[in-house]
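Hi,

Here is the structure I said I would pass on. My notes on it follow below; have a look when you get a moment.

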Amino acid sequence: MPPQARALRWLLSTLVALPVVLLVAALAVPRLLDRDWLAREVESALGEAVGRSVRVDGPPSPRLLPRPSLEFGPVLVREGGAGPEVEAARVRLDLAPGPLLGGRVVIADAWVDGLRLHWEDAQTGLRLTLT
């Protein structure tokens, strides 16, 4: 086989194999992440963002396809002592892929399912729950 034909064959084989390797990596990498560590990171980041204590009870579920996202829940947000308590059954954050390649996490969209707000005033005994 002439060297040009061998080089062309190698190039075509590489071009066919590369998307398959990338697809397998995109499906496998999220499964290899330490979900406990990820849950702690989510709790910390959300707690800093809202200025309250945040607890994520379920393991986060990261995905790269069809778009990078992180789904987790149930989530409980509360203020130490008094104040409203917010619960969500599920939260999904869609991440911007460009900044993610550079090592930055930018939330493009957020969805919240099963939102519940509970507020109780200890002095008056007034209770309010919105679902």
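The second largest pocket has a volume of about 230 Å³. On a 1 Å grid over the protein atoms alone, a pocket is an open set of points where a 1.4 Å probe fits, with protein on both sides within 12 Å along at least five of seven lines, and lining residues have an atom within 4 Å of a point. Of its 14 lining residues, L46, V50, V75, V77 and V86 are the closest to the centre. Helix α2, β4 (75–78) and β5 each give two or more residues to this lining (helices are DSSP runs of H or I, at least four residues, and strands runs of E, at least two). The lining divides into 12 nonpolar residues, no polar ones and 2 charged.

This is a predicted model, in which local features need pLDDT of at least 70 and side-chain atom pairs pLDDT 80 or more, while totals for chains, interfaces and linings use all residues. Residues are numbered from 1 along each chain, and side-chain values use heavy atoms, without hydrogens or water.

E85 belongs to strand β5 (residues 85–88). Its side chain makes a polar contact with that of R78 at 3.1 Å (a donor and an acceptor, N or O, within 3.5 Å; residues adjacent in sequence count only if both atoms are side-chain atoms).

There is also an open, antiparallel sheet of 4 strands, ordered β2-β3-β6-β7 (pairing takes at least two DSSP bridges). Strands β3 (residues 69–72) and β6 (residues 90–95) pair over 4 bridges, and E71 has R92 as its bridge partner in β6.

Best wishes

Definitions and conventions:
Points joined across faces, edges and corners; volume = space filled by probe spheres on them. Nonpolar A, V, L, I, M, F, W, Y, C, P; charged D, E, K, R; others polar.
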